[in-house]
Amino acid sequence: MAQKLVGITGGAGTIGQVLKRELDGEYKFRLLDRTGGEDISTVRFDDLEEVSGSLDGLDAVIHLAANPSPEGEWSSVLADNIEATYLVTEECRQAGVRRLIFASTNHTQHGNTMLTTPETLDPTRELLMRTEDPPNPDSLYAVSKLFGENLGKYYSEQHGLEFVALRIGWIVPDDQPESKKGTRAEDYMRAMWLSHRDCGQVMRCALETPLSFFVAYATSDNSRRVFDLTRTRRVLGYSPQDNAESRFAD
């Protein structure tokens, strides 16, 4: 069977490079990013002319490109997260892409567990939230990701685009969550960490599981997690291998 050709927007970023490495040999990738780079096509995803035709021939698209900062200002959120997500989703429809994997975020519900800032967590709030629970965004960034999830539902229902939104936890470039030990972000990291190999696995599951629309959490199997992975395990077949606590134990 021929390998699927998968496009990754934001392919020069941390998650794009993790996926390129973790899924090497399983898929053929077309990396696209506004910054360009070696083996990376330069595309601004908030520009209709640049997006047009960039997804032709792809079997699936992983849409990572966005301003990833919970502190992002509205002008950037509007262009990089909302307008760009609409253009990419519409281009998937026009190009005949079968499936779109959307990088959503834990921040869509982190308003329930935030301590003082979007990258802190109140450890006294012992919650295990489900994707069916009402959203509680902690930032304009999170609001933009809820827009993306709802846009995907519309395109799934009205245009038949298969759509999986992954509410991703916290991935760090060096895959060392313990680097936050002793900082204000430690509790947040211990709850939200997504290891590189678990990231590769959950993305593989999202690409391969037969479905039309699904929203799932994507964290490692952290003892202190605040998101319920039951549906992610059951529907996607996800079986996370890592737990932040083992990295903080030393």
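**Helix packing and the largest pocket**

In this predicted model, the axes of α1 (14-22) and helix α6 (residues 196-208) come within 9 Å and cross at roughly 80 degrees, which makes α1 roughly perpendicular to α6 (65 to 115 degrees; under 35 degrees counts as roughly parallel). Axes are lines fitted to C-alpha atoms, for helices over the stretch in contact, with angles running from 0 to 180 degrees between N-to-C directions, and helices are DSSP runs (H or I, at least four residues), as are strands (E, at least two). Contact (heavy atoms within 4.5 Å) joins I15, V18, L19, R21 and E22 of α1 to H196, R197, C199, G200, M203 and R204 of α6, and these residues divide into 5 nonpolar, 2 polar and 4 charged.

Residues are numbered from 1 along each chain as its sequence is written. Local features need pLDDT of at least 70 and side-chain atom pairs pLDDT 80 or more, whereas totals for chains, interfaces and linings use all residues, and side-chain values use heavy atoms, with hydrogens and water left out.

Helix α3 (residues 74-95) packs against helix α4 (residues 140-159) at an angle of about 15 degrees, with the axes 10 Å apart; α3 and α4 are therefore roughly parallel to each other. Among the residues in contact are W74, Y86 and R93 of α3 and L140, F147 and H159 of α4, and by class this contact has 9 nonpolar, 6 polar and 2 charged residues.

The largest pocket holds about 760 Å³ of space. Of its 32 lining residues, I15, L64, A66, P68 and Y141 are the closest to its centre. At least two lining residues each come from α1, α3, β5 (99-105) and α4, and the lining comprises 15 nonpolar, 10 polar and 7 charged residues.

Terms used: Angles under 35 degrees count as roughly parallel, over 145 as roughly antiparallel, 65 to 115 as roughly perpendicular and the rest as oblique. Ala, Val, Leu, Ile, Met, Phe, Trp, Tyr, Cys and Pro count as nonpolar, Asp, Glu, Lys and Arg as charged, and the others, Gly among them, as polar. On a 1 Å grid over the protein atoms alone, a cavity is a set of points where a 1.4 Å probe fits but cannot get out, and a pocket is an open set with protein on both sides within 12 Å along at least five of seven lines; lining residues have an atom within 4 Å of a point. Grid points are joined across faces, edges and corners, and a volume is the space filled by probe spheres set on the points.
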